[in-house]
Protein chains: 2
Amino acid sequence: MTSRPPRPRERGIPEATVARLPVYLRALQALQDRGTLTVSSEALASAAGVNSAKLRKDLSHLGSYGTRGVGYEVEYLVYQISRELGLTQDWAVAIAGIGNLGRALANYGGFGTRGFRIAALLDADPAMVGQSVASLDVRHIDNLEDVVRSTGVSIGVITTPAASAQGVATRFVQAGVASILNFAPVVLNVPDGVDVRKVDLSIELQILAFHAQRRADGDGRDAERAGLELM
Amino acid sequence: MTSRPPRPRERGIPEATVARLPVYLRALQALQDRGTLTVSSEALASAAGVNSAKLRKDLSHLGSYGTRGVGYEVEYLVYQISRELGLTQDWAVAIAGIGNLGRALANYGGFGTRGFRIAALLDADPAMVGQSVASLDVRHIDNLEDVVRSTGVSIGVITTPAASAQGVATRFVQAGVASILNFAPVVLNVPDGVDVRKVDLSIELQILAFHAQRRADGDGRDAERAGLELM
DNA sequence: ACGTGCTTGTGAAAGCATGCACAAAGTGGG
DNA sequence: CCCACTTTGTGCATGCTTTCACAAGCACGT
């Protein structure tokens, strides 16, 4: 029951590792573009901004894809990580809320290259509906269920105002969408089994402000502290 | 040397706690808008989407601001968290890269209300320079140092293409900006003491895809798994 | 065929974060 | 004034993450 070689990975890659795999993938693709064939954990770790022991442990969760004394074959590793992340299949994404941010996402080219295809745009504003954004017609949010079903959407992105976000999320879920990326500044309530990730610009700024203040306090209070001057 | 009451908090709030304080703050402000005067850890935790023990431990790092048997006074807690996060002062933010995303951020009203003021917009495209976005003139990126100094910018937001991001980051740092929020899909290299946070849309989607695939694999392989059907 | 040198993969230790469960501390009613 | 009730603040146990340090393994030159 524990024969590893044929199907190397067990279920259960740590969450922290999953969050770093896309970073490794991007670094590897950059190497690939430059024609690099193999890379050591040290070099890849430095390109990805992590420590090499962490990188090796992360990769070890996918299987034993390196060669001792040599490193990792870039192309093979790109494939293995892509497969693990589910990027070898095609994911249809719907964006709800075509304001500034929704438009910015719709026009962002970075998705298409990695298995994500923007399949539908939805908005509640009648003036918006029917307009063409990034070569897609904006549909009215009332058609959410139809649109999800007919275009096979499995990931929903919410860029609506905060007040509408929960409603849209609930409709996504009821239409069978179990993965949601939420940009609205609210905590979404969804049933178990639905995966919500949140991106919140204002929270990131607040975290930066906290650290900036701490630096400033330290400088003021205990004269020079470790920090900027140790380079 | 360990007298607590007068200045309750020691240095060193855990990073995980810092990341949640903005969420609590938002939930508290929503309560405040509804006229709520006090709130229990249970109620606030549920509004913030966390468990109440975690909330209490988080808040205990700031000091003892609750009343046993009653809860927390909303207004007082808003003030304490704001102060801890450094939101009682005003932070000048510069946005470099006025593409779709940069414009979306510039026009997003959510910052102003919480101590952040967009003080400058920068772009490398001569056609963009001089245009007015969100009532600010776009300046050429070559003026970065001048702009930072003259407007007192202390937080830099990078929404440039990936290829330009590292250059802009380096210039921000040399101009004295020690807090950077990076939307470009690259790992930035900065000296110690500079705080970089990354927001990466494509990474979030990839993490969602991973979990979505895992759900699908499970359903296919071991018939029905725990998940959507347990509601 | 064998030894040398390099790099991976992984136990084991240390460090964080989470959640339980309860004592401590306050409120309000009788 | 005391008792019952509520809710905070926190010690402790558990689990997850990171980091160290080194044995195992492979390539290459001789």
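## Basis

A residue is counted as near a molecule or strand if one of its heavy atoms lies within 4 Å of it. The model is predicted: local features need pLDDT of at least 70, side-chain atom pairs count only at pLDDT 80 or more, and totals for chains, interfaces and linings use all residues. Residues are numbered from 1 along each chain as its sequence is written, chains are lettered from A and ligands numbered from 1 in the order in which they are written, and side-chain values use heavy atoms, with hydrogens and water left out.

## DNA strand C

There are 25 residues around DNA strand C, and those that come nearest are Ser41(A), Arg68(A), Tyr72(A), Lys57(B) and Arg68(B). By class, the surface near DNA strand C has seven nonpolar, ten polar and eight charged residues; Ala, Val, Leu, Ile, Met, Phe, Trp, Tyr, Cys and Pro count as nonpolar, Asp, Glu, Lys and Arg as charged, and the others, Gly among them, as polar.

Several pairs of N or O atoms fall within the 3.5 Å limit for a polar contact; within protein, one atom must be able to donate a hydrogen and the other to accept it, and residues adjacent in sequence count only if both atoms are side-chain atoms. A polar side-chain atom of Tyr72(A) is 2.6 Å from a phosphate oxygen of DNA strand C, and the side chain of Arg20(B) has an N or O atom 2.9 Å from a phosphate oxygen. Two or more residues each come from α3 (52–60), β2 (66–67) and β3 (71–73) of chain A and from α1 (15–33) and α3 (52–60) of chain B. These helices (H or I, at least four residues) and strands (E, at least two) are DSSP runs, numbered from the N terminus. α3(B) gives the largest share, four residues.

## DNA strand D

Around DNA strand D there are 27 residues, with Arg20(A), Arg68(A), Ser41(B), Arg56(B) and Tyr72(B) nearest.

Base oxygens of DNA strand D lie 3.1 Å from a polar side-chain atom of Lys57(A) and 3.1 Å from one of Lys57(B).

## Arg215(B)

Arg215(B) sits in helix α8 (residues 201–221) of chain B. Its contacts (heavy atoms within 4.5 Å) are Ala178(A), Ser179(A), Gly193(A) and Asp195(A), leaving out residues up to four places away in sequence.
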